[in-house]
Amino acid sequence: MSNIAWNADDYNRNARFVSDYGHQVADLLGDIRGLGVLDLGCGDGPLTKELENRGADVIGVDASPTMIEKAKELGLNVAVMDARELTFDNEFDAVFSNATLHWVKPPELAVAGVARALKPGGIFVAEMGGHGNVAAIVTALIAATRLHGLPEFESPWYYPTPGEYGQLLIEHGFEIESIALIPRPTPLPTGMLGWLKTFAQTSLAEFRQESVATVLDTAVELLKPSLCDSAGNWTADYIRLRFRAKKITS
Ligand code: BEZ
């Protein structure tokens with residue numbers, strides 16, 4: 001999660017699927033009973049809870065104070081912390097991260113912090129947006145801002161190729177066990193406008209409110225032929241980058 005001002009209820013309505021998909025990513029950790037695990041970008045905590053239920057001793061961190069407040073309501077051990085400023089040192093057997101790292105720029109600060117947080121031999125498992133993720137959506141937002149003569153939409157996201165992120169992991173002392181792009185067309189429960197309002201609106205914050213509404217409506221129109229079916233169901237063009245890496249240097 002980035003440190004944008006998340007509204008937990010809005011997120012719950014428009015984006016609960018984000019953590020629903022994370023259970024498969026958690027499977028990549030293997031047996032975590034009795035292990036110390038850091039959940040990086042824990043949001044309101046559903047996957048932190050899941051890792052606890054699988055028997056790990058888990059700490060969750062997220063840059064959003066509102067999300068951390070919600071996570072505390074689940075009785076979880078969580079703290080507000082930016083992924084670029086992790087304060088842990090040789091403390092965890094594993095670091096887990098779902099749908100967070102594409103918000104983190106520059107990415108090397110997060111990778112360095114994770115490497116520091118892990119014990120030697122510790123495991124880093126993550127899934128994030130990968131190269132080409134939501135490409136149609138980003139293109140529509142750029143087109144919509146241009147069409148209305150507004151400053152061009154600048155993507156707040158970082159979607160690396162496996163080669164690019166793999167290199168970063170190796171430079172920070174990891175050995176890569178697996179890394180791949182996984183196309184995952186993702187149904188949007190509240191349609192494209194709900195998704196755009198939750199995830200893209202803050203990148204248009206400098207615009208007047210009417211201009212934001214106009215840009216979002218235009219983007220929705222542009223996307224309709226490719227991402228909306230004849231019954232009105234929307235699907236986002238998600239592509240995940242999923243990896244498992246082991247820290248090999250101390
Ligand atoms: C993602 O999980 O790929 C994603 C989430 C929010 C905005 C953009 C991408």
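Is Ala 99 buried or exposed? The notes below take up this residue and several others in a predicted model.

1. Ala 99 is buried, because its relative accessible area is 11% and the cut-off for burial is under 20%. The residue sits in the loop between E4 and H6. Although Ala 99 is not a glycine, its phi is positive, at about 55 degrees.

2. The loop between strand E4 (92-98) and helix H6 (107-117) also holds Pro 106. The peptide bond joining Lys 105 and Pro 106 is cis, with omega about -5 degrees.

3. Val 134 is another residue other than glycine with a positive phi, near 40 degrees. Its place is the loop between strand E5 (118-129) and helix H7 (135-147). With 0% relative accessibility, Val 134 counts as buried.

4. Leu 188 lies in the loop between strand E7 (186-187) and H9. It counts as buried, at 7% relative accessibility. Leaving aside residues up to four places away in sequence, Leu 188 touches Phe 17, Trp 195, Trp 234 and Ala 236. Tyr 21 is 167 residues from Leu 188 along the chain, and their C-alpha atoms are separated by 13 Å.

5. Helix H9 (residues 191-199) and helix H10 (residues 209-227) have axes that come within 10 Å and cross at roughly 130 degrees. H9 is therefore oblique to H10. The crossing is right-handed. On H9, the contact is made by Met 192, Leu 193, Leu 196 and Lys 197; on H10, by Leu 216, Asp 217, Ala 219, Val 220, Leu 223 and Leu 227. Eight of these contact residues are nonpolar, two are charged and none is polar.

Key: Residues are numbered from 1 along each chain as its sequence is written. This is a predicted model: local features need pLDDT of at least 70, side-chain atom pairs count only at pLDDT 80 or more; totals for chains, interfaces and linings use all residues. Side-chain values use heavy atoms; hydrogens and water are left out. Axes are lines fitted to C-alpha atoms, for helices over the stretch in contact, and angles run from 0 to 180 degrees between N-to-C directions. Helices (H or I, at least four residues) and strands (E, at least two) are DSSP runs, numbered from the N terminus. Angles under 35 degrees count as roughly parallel, over 145 as roughly antiparallel, 65 to 115 as roughly perpendicular and the rest as oblique. A crossing is left-handed if the near helix is turned anticlockwise from the far one by less than a right angle, and right-handed if clockwise. Contact means heavy atoms within 4.5 Å. Ala, Val, Leu, Ile, Met, Phe, Trp, Tyr, Cys and Pro count as nonpolar, Asp, Glu, Lys and Arg as charged, and the others, Gly among them, as polar. Buried means under 20% relative accessible area, exposed over 50%, partly exposed in between (1.4 Å probe, protein chains only).
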